[in-house]
Amino acid sequence: MSEQAKLTLGAKALEMPVMDGSIGPQVIDIRKMYAQTGAFTFDPGFTSTASCLSAITYIDGDEGVLLHRGYPIQQLAEHSSFPEVAYLLTEGELPTKEELDTFVYTITRHTMVHEQLMQFFRGFRRDAHPMAIMCGVVGALSAFYHDSTDIDDPKQRMIASHRLIAKMPTIAAMAYKYSVGQPFVYPDNSLSYTGNFLRMTFAVPAEPYIVNPVVERALDRIFILHADHEQNASTSTVRLAGSSGANPFACIAAGIACLWGPAHGGANEAALNMLREIGRPERIPEYIARAKDKDDPFRLMGFGHRVYKNYDPRATVMQQTVRELFAELKVSDPIFEVALQLEAMALNDPYFIEKKLFPNVDFYSGIILSAIGFPTSMFTALFALARTVGWVAQWNEMIGDPEQKIGRPRQLYTGAPQRDYVPISKR
Ligand code: CMC
């Protein structure tokens, strides 16, 4: 018999099975707890709750380990490509050459968007945030691709997944083009996934555009580093939206909305804005002091993580990528020096040591994206583009899980007990 956990509540005793994953902490199965004790568990923020079974991504936050389907993120960032990682996450195994070619061919043939979708962009103000546009336009895809919204049909689920992965760069690039008042650039299917995105973002019809392979590789690596991250807030949002049977386009739009917040994907934009505001190494102590001040809501953006209590392995690769990109492009940015000194100072400060706060994926990514030429407002849209792969993989895994139910948390009610309505004249 498997190990049991025991809970006593007043006179009631409950035995709960303990579940083992392939690696990672044990999990106590509390599913029968309410029926047998009449009590709920209380875990706002889900700090002690596993919401699903998943075989996609594993994080050991204490050791700073991130594995996709078992493969360490450092190895994938160094040797793989974003389409290959997309295949790995969605299909479960690294592809053979033939499988990868077929996958890339399929994705590439879905890069165009319905011509009428252009009208949606024109409805936004020019100064709309790209994430506002992404939420709206991605949600609108469900109004255009009716032949891939039946979630009970595996073939339609696959087509919707491919469409989402393929069209996200087109939509993100269009959001950028709209904001700068330049014409939309159609995809060029002779280019790589990332090269195509660069061209759709930075090319103009008046001039030829040649993709810089150094920039292409750096951005592809950034996409790999953002592809998936277990049951984070936006992925859980996608799963929760999908648990009601909503179509995949609507679910991914929900994920984009959640990602936008500064505590999640919006941190890359906030981190670079913060580094620019600090501006010079002499000002770092002032910002460290503010981050430590309980009465000041300011936090060091790009620092800290719910799961990592060690260096985020993605931040290590990201820092290395800044160095490589700057060396290869023969450019520099004084903000990088500010970031390095800020990190060093924070990591030697008792506040950050005690709370185990380390740089996360967002701390250095903005420096690279800025060097490539993206405005800060596009940073989170790029995160959404890459994370779509993880969202789609997790959504498919959830739909295929026979134990899947609609997500429906309960609460600890602290409001007024039942009382009688008082007419307005008597209040
Ligand atoms: N600067 C200063 N203090 C911090 C920071 C920070 N960046 N992060 C956490 N703390 C403190 C916090 O004040 C709290 O102190 P105390 O225990 O005295 O109240 C303690 O550390 C624990 O913080 P928490 O907010 O309870 O932890 P959490 O797991 O709920 O939050 C977090 C995690 C990522 C939201 C948070 O660290 C944060 O706001 N970081 C800045 C935003 C950021 O970089 N987000 C990107 C996350 S990684 C990519 C992604 O998920 O999209």
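**View 1. Helices H3 and H4 cross at roughly 100°.** Here H3 (residues 82–91) and H4 (residues 97–108) bring their axes within 10 Å; axes are lines fitted to C-alpha atoms, for helices over the stretch in contact, with angles running from 0 to 180 degrees between N-to-C directions. Helices are DSSP runs (H or I, at least four residues), numbered from the N terminus. The pair is therefore roughly perpendicular, a label for angles of 65 to 115 degrees. On the H3 side, the contact (heavy atoms within 4.5 Å) uses Pro 83, Glu 84, Ala 86, Tyr 87 and Thr 90. H4 puts in Glu 99, Leu 100, Phe 103 and Val 104. Sorted by class, that's six nonpolar, one polar and two charged residues; Ala, Val, Leu, Ile, Met, Phe, Trp, Tyr, Cys and Pro count as nonpolar, Asp, Glu, Lys and Arg as charged, and the others, Gly among them, as polar.

This is a predicted model: local features need pLDDT of at least 70, side-chain atom pairs count only at pLDDT 80 or more, and totals for chains, interfaces and linings use all residues. Residues are numbered from 1 along each chain as its sequence is written, and side-chain values use heavy atoms, with hydrogens and water left out.

**View 2. H6 packs on H7 at about 135°.** The axes of H6 (residues 130–140) and H7 (residues 154–180) sit 10 Å apart. H6 and H7 are therefore oblique to each other. From H6 come Pro 130, Ile 133, Met 134, Val 137 and Val 138, which meet Leu 164, Met 168, Ile 171, Ala 172, Ala 175 and Tyr 178 of H7. The tally for this contact is 11 nonpolar, no polar and no charged residues.

**View 3. H8 meets H9 at roughly 110°.** The axes of H8 (residues 193–202) and H9 (residues 213–226) come within 9 Å, and the angle makes H8 roughly perpendicular to H9. Tyr 193, Thr 194, Gly 195, Phe 197 and Leu 198 of H8 touch Val 215, Glu 216, Leu 219, Asp 220 and Phe 223 of H9. This contact splits into six nonpolar, two polar and two charged residues.

View 4. A polar side-chain atom of His 264 is 2.6 Å from a ligand oxygen. Gly 302 places a backbone N or O atom 2.8 Å from an oxygen atom of the ligand, while Phe 303 has a backbone N or O atom 2.9 Å from a ligand nitrogen.

Methods:
Helices (H or I, at least four residues) and strands (E, at least two) are DSSP runs, numbered from the N terminus. Angles under 35 degrees count as roughly parallel, over 145 as roughly antiparallel, 65 to 115 as roughly perpendicular and the rest as oblique. A polar contact is a pair of N or O atoms within 3.5 Å; within protein, one must be able to donate a hydrogen and the other to accept it, and residues adjacent in sequence count only if both atoms are side-chain atoms.
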